[in-house]
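Trainee: I would like to go through the pockets of this model and the terms used for them.

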Amino acid sequence: MWKRRRGTAIVETSKGILVAGGRRKIFLLPGGGAEKWESRRKAAIRELREETGLKAYESHFLFKFIGGIHKAHGGGHFQDHHKVFLIKATGDAKPHHEIKHIEWYKPGSKIHISRMTKAIIEKYYETKKETD
């Protein structure tokens, strides 16, 4: 099993937290694997732009989060090691590349988010309460 370095973005507005989904409408936080030369902060910012068209202008590290084990396309297994960033961005979020749908998640929403996305958002809300 190998460890995938993943940058994950939380973009929160008055509408809720930005989530992106593919054809099956299972929504995730924007982000993805960091290239060998890339920090996870830069990966989160790059993936946010690639997936939604939003351009980050500010980012703050929130926390690390270790995800579940996934089956790799080429065989074997990997585990996501997230660094989660609160990102402020400009532009209108629109689906790009593999993303087909954009939504804004709030607790109680009927949006189908992944278990990992739910766990990260819950940790974000806990962290936010501690600093309020």
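Trainee: What volume does the largest pocket have?

Mentor: About 910 Å³. The model is predicted, so local features need pLDDT of at least 70 and side-chain atom pairs pLDDT 80 or more, while totals for chains, interfaces and linings use all residues. Residues are numbered from 1 along each chain, and side-chain values use heavy atoms, without hydrogens and water.

Trainee: What makes a set of points a pocket?

Mentor: On a 1 Å grid over the protein atoms alone, a 1.4 Å probe must fit, and the set must be open, with protein on both sides within 12 Å along at least five of seven lines. The volume is the space filled by probe spheres set on the points, which are joined across faces, edges and corners.

Trainee: Which residues of the lining are closest to the centre of the largest pocket?

Mentor: Arg4, Arg6, Leu28, His70 and Asp80, out of 33 lining residues. Each lining residue counts because it has an atom within 4 Å of a point.

Trainee: Which strand gives the largest share of that lining?

Mentor: S1, with five residues. S1 spans 2–10, and a strand is a DSSP run of E, at least two residues long, numbered from the N terminus.

Trainee: How does the lining of the largest pocket divide by class?

Mentor: Into 12 nonpolar, 11 polar and 10 charged residues. Ala, Val, Leu, Ile, Met, Phe, Trp, Tyr, Cys and Pro are nonpolar, Asp, Glu, Lys and Arg charged, and the others, including Gly, polar.

Trainee: What volume does the second largest pocket have?

Mentor: About 220 Å³, and its lining has eight nonpolar, two polar and four charged residues.

Terms used
Helix = DSSP H or I, 4+ residues; strand = E, 2+ residues; numbered from the N terminus.
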